[in-house]
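Trainee: Could we go through this one together, starting with the inside?
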Amino acid sequence: MTVAFFSGKGRRIGVALGAVSAGLLVLSACDKPTPLATVTVGGNSVSSEAACYNDGKPLKTSEIKSCLNKKAEKTVEVAMDDKVRFGVDPEIADHGWTLFINGQQAEQEPYKKTYRSIPGSAFFSSQTGETANSTQVSIVETQGKNLTGIWHFELKKSS
């Protein structure tokens, strides 16, 4: 004669607790997604997670140059008379963010709002007066003098 150690109800409760525990274990192993940055031109909008991000902590100095030189994965077409709208998650705005153009800092002071708009023509003229066909724009989150996140976008001049 066999003796049941657990009743049917006890087994179901045990299985349910095991499933919940396994689910929590799996979720704890997942990486938290980075905050998003978005570029909008007209009706086209492109969002991206950070190319380099260290959970809000400063990036290592040795990583910054190579990260700024990474190629953008997201592209949006821009006409010279378009408005280019940049948007960031509130946590990026709280720390402050600035734009880098082709790896070079374009602004001295960090911006502390979640949204801003800049004319498209600002991204395609060079110091020599020639116009470029594409420009890499990086949104860089700052905390004081430290860089904490970098998001890349390619702006391609439309004809």
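Trainee: How many residues does the largest nonpolar core have, and which have the most contacts inside it?
Mentor: This is a predicted model, where local features need pLDDT of at least 70, side-chain atom pairs count only at pLDDT 80 or more, and totals for chains, interfaces and linings use all residues. Residues are numbered from 1 along each chain as its sequence is written, and side-chain values use heavy atoms, with hydrogens and water left out. The largest nonpolar core has 22 residues, and V39, V84, F86, W97, F123, I139 and L155 have the most contacts inside it. A nonpolar core here is a set of buried Ala, Val, Leu, Ile, Met, Phe, Trp, Tyr and Cys residues joined through side-chain atoms within 4.5 Å, and buried means under 20% relative accessible area, exposed over 50%, partly exposed in between, with a 1.4 Å probe and protein chains only.
Trainee: And which elements give two or more residues to this core?
Mentor: They are β1 (37-41), β4 (75-78), β5 (83-88), α3 (90-95), β6 (97-101), β9 (134-143) and β10 (146-157), where helices (H or I, at least four residues) and strands (E, at least two) are DSSP runs numbered from the N terminus. Apart from this core lies another, of nine residues, including I64, L68, F100 and V140.
Trainee: New topic: is T142 buried or exposed?
Mentor: T142, which is in strand β9, counts as buried because its relative accessibility is 8%. Leaving aside neighbours within four places in sequence, T142 is in contact (heavy atoms within 4.5 Å) with H95, G96, W97, T98, P110, L147 and T148.
Trainee: What about D55, where is that?
Mentor: D55 is in the loop between β3 (52-53) and α2 (61-68), and its phi is near 50 degrees, a positive value in a residue other than glycine.
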